[in-house]
Every structure is written in C-alpha cells, then in structure tokens.
Amino acid sequence: MSNTWYLYMFFAVALVLAGLIGLLLKRNLIKLFIAIEVVGKGVSLLLLSTGFAKGSILTAQALVVTYIVIEVSLVATALALIINVYRHGKSLDVRGLAKLKG
C-alpha cells in the first residue's frame, strides 16, 4: 500500500464522519439530504482509492459510475419528496413530519 492510499483513506473517512455528524445534528430535511450526499461521496472516494491501491482502477471506476447513476435517481426522488413535504407542512423540520401520519 502506498502513502497516497492512506491519504485517500483519511479523506474518505473524514467525509463519511462529517456526513454522519451532519445526520446526527441537523433537523432540516435539506441539510440531512446534503449530509447523506457527503457520506455518498466519501464512499465513492473509498471505492476509487481501494481500486487504485489494488491495481484494478477500471473496476473501481465502473462501480463508482454505476453508483453515481443510481444516486441521481435517488436525488430526484428525495428532492421531490422534500418539496412535497414543504408544500404540505410549510416547514422542513423533521419534527413536523409526525403531522403527516394518516
């Protein structure tokens, strides 16, 4: 393993931890969504750096491109849900979601 792999791993873990802290501390739906995206970018960096270290960068790139394509559909769906929650409740606070129960 090279020193660059450790550097990439450090930044990937830092991104994942920053996203997890954001998930634990924020209550706004948009901020929670951004924290989820930060975790996803950390995982992408982790996949790429591991592929680079193992010598199979093409496989890692294929995995990351597939992940990005799936993530785009998740982003569109999540943003549509967030917009509908805001239209219904006029708030993006997570605690307000309890009012949406049937």
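Three aromatic pairs are present in the structure, where rings of Phe, Tyr and Trp (its six-membered ring) are paired if their centres lie within 6.5 Å, and planes under 30 degrees apart count as stacked, over 60 as edge-to-face and the rest as tilted. The structure is a predicted model, in which local features need pLDDT of at least 70 and side-chain atom pairs count only at pLDDT 80 or more, while totals for chains, interfaces and linings use all residues. Residues are numbered from 1 along each chain as its sequence is written, and side-chain values use heavy atoms, with hydrogens and water left out.

A pair of aromatic rings is described by the distance of the centres and the angle of the planes. For Tyr-8 and Phe-52 the ring centres are 6.3 Å apart and the planes stand at 75°, so this pair is edge-to-face. The pair links distant parts of the chain, with Tyr-8 in helix α1 (residues 3-25) and Phe-52 in helix α2 (residues 29-54), 44 residues apart. Helices (H or I, at least four residues) and strands (E, at least two) are taken as DSSP runs and numbered from the N terminus. Tyr-8 counts as partly exposed at 35% relative accessibility, and Phe-52 also counts as partly exposed, at 45%. Here buried means under 20% relative accessible area, exposed means over 50%, and partly exposed lies in between (1.4 Å probe, protein chains only). Phe-10 and Phe-11 form another edge-to-face pair, with 5.4 Å from centre to centre and 70° between the planes. Of these two residues, Phe-10 counts as exposed at 55% relative accessibility, whereas Phe-11 counts as partly exposed at 44%.

Two salt bridges were found in a search of the whole structure, a salt bridge being a side-chain nitrogen of Lys or Arg within 4 Å of a carboxyl oxygen of Asp or Glu. One joins Lys-41 to Glu-71, with the closest N and O atoms 3.0 Å apart. This pair links distant parts of the chain, as Lys-41 is in helix α2 and Glu-71 in helix α3, 30 residues apart. Lys-41 is partly exposed at 41% relative accessibility, but Glu-71, at 7%, counts as buried. A salt bridge also forms between the side chains of Asp-93 and Arg-95, at 3.0 Å from N to O. Asp-93 has a relative accessible area of 24% and is partly exposed, while Arg-95 counts as exposed at 57% relative accessibility.

Helix α3 (residues 57-89) also contains Val-75. This residue is partly exposed, with a relative accessible area of 22%. Leaving aside residues up to four places away in sequence, Val-75 touches Phe-33 and Glu-37, contact meaning heavy atoms within 4.5 Å. Val-75 and Tyr-8 are separated by 67 residues in sequence and by 25 Å in space, C-alpha to C-alpha.

A nonpolar patch on the surface is formed by Val-13, Leu-17, Leu-20, Leu-23 and Ile-36, which together have about 400 Å² of accessible area. Patches are made of residues with over 30% relative accessible area and no salt bridge; like charges are joined within 9 Å, and nonpolar side chains (Val, Leu, Ile, Met, Phe, Trp, Tyr) within 5 Å. Accessible areas come from the Shrake-Rupley method with a 1.4 Å probe, and for residues only the protein chains shown count as cover. Helix α1 supplies the largest share of the nonpolar patch, four residues. Val-13 lies in helix α1 and is partly exposed, with a relative accessible area of 42%.
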